[in-house]
Amino acid sequence: MSRYWSPIVGALSPYVPGEQPKLLDLVKLNTNENPYGPSPKAIEAIRAATGDTLRLYPDPASDRLREAIATQAGHGITPGHVFVGNGSDEVLAHVFQALLKHDGRKLLFPDISYSFYPVYCGLYGVEHETVALTDDFRIAPEDYLRTGDAAAGGIIFPNPNAPTGRALPLADVERVVAGNPQCVVVIDEAYVDFGAESAVALVARHANLLVIQTLSKSRSLAGLRVGFAIGHPDLIDGLNRVKDSFNSYPIDRLAAAGAEAAMLDQPYFEQTCRAIIATRDQLTADLQTLGFEVLPSAANFVFARHPSHDGAKLAAALRERAIIVRHFRHARIDQFLRITVGTNDQCARLITGLKAIFSS
């Protein structure tokens, strides 16, 4: 700890990202990256944008990208409903500052969820309360329907949830949104394209709803860092005021070009999503055959535990075989492994590794 730090720095508990190990012949199933490359049209667009124009600042409003996102979103969404940022984590950071900090009223989110949420609460001084998932790791909508002095100052949860992978039906999402007109409800849809229902369809009916998505997962652009939010223009205006007080140019020229092309290449997007869903179904069946309990997943990962094998020990044993999965040392889920859905070959190697561990 340095004596030059501002007081808040020492009190922070930073987010710990998934490991990015430098191992040869690695089966990397720990950070929910897409096993398939980006759209060839995105690569072509990035190459075309590499030239003399890089000496110029990018469009601060990312107009073409927001138009592409609005076009793909449908449901009457216009560019005025869209906010873009340097990855969905930056978008979330601005959301916490602009929309979720209200003195005297707490932000609600699940006790088992994206671990960046409490980090942002600490960074921006947002009062919060975690809401326990059910015994079978579901979000219960009724737990977020509070009134009077107990009414929420904001609500945020992923759908599908992370790290569980369980999805909330759209009707239940709308129950939460409609039941909390006094605050913003944020639905974090990083994994929605792998089998869940997007809440974008509800934006026109609910001015307090904000939906956040990313190009890191289903669009295979984790290395580009582009995320976006869709909501009522009044919410977007609040986010823009914070963004322009922080960084007016979060999306560079290469990122804007690649992201726009990826958003517009619907056939490639659908093809890779179908492949991941099919592999997820096979991986789930193979794990269950080995005795694992696997939670129902609508994401590009599965959450699984074995009744006879410790989760941490399994993760360590897999690592010795150059297979990396994610293990969380948190109450209620310390026996689970979060396993990214890789290619068919990668998942087959995982199953082979587990069989070897169980037979040793």
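Predicted model: local features only at pLDDT ≥ 70, side-chain atom pairs only at ≥ 80, totals over all residues.
To start with the annotation, an unreviewed UniProt entry lists residues 25-352 as "domain: Aminotransferase class I/classII large".

Five strands make up an open sheet with mixed pairing, in the order E1-E11-E12-E10-E9. Strand E1 (27-29) and strand E9 (293-294) take the edge places with a single partner strand each, so one side of each has no neighbour in the sheet. At the E9 end, E9 and strand E10 (residues 301-305) run antiparallel and are joined by two bridges. Here Val294 faces Ala304 of E10. Elsewhere on the sheet, helix H10 (residues 311-320) lies across strand E11 (323-327) and strand E12 (337-340), with an angle of about 160 degrees to E11.

Then there is the helix pair. Helix H3 (residues 63-73) and helix H8 (residues 253-264) have axes that come within 9 Å of each other and cross at roughly 15 degrees. Angles under 35 degrees count as roughly parallel, and H3 and H8 are therefore roughly parallel to each other. The crossing of H3 past H8 is left-handed. On the H3 side, the contact involves Arg64, Leu65, Ala68, Ile69 and Gln72, which meet Ala259, Glu260, Met263 and Leu264 of H8. Sorted by class, this contact between H3 and H8 comprises six nonpolar residues, one polar and two charged.

Note on methods
Residues numbered from 1 in each chain as written. Heavy atoms only, no water. UniProt positions renumbered as here; feature names shortened; annotations may be inferred. Pairing = 2+ DSSP bridges. Helix = DSSP H or I, 4+ residues; strand = E, 2+ residues; numbered from the N terminus. Contact = heavy atoms within 4.5 Å. Axes fitted to C-alpha atoms, helices over the stretch in contact; angles between N-to-C directions. Parallel < 35°, antiparallel > 145°, perpendicular 65-115°, else oblique. Left-handed = near helix turned anticlockwise from the far one by under 90°. Nonpolar A, V, L, I, M, F, W, Y, C, P; charged D, E, K, R; others polar.
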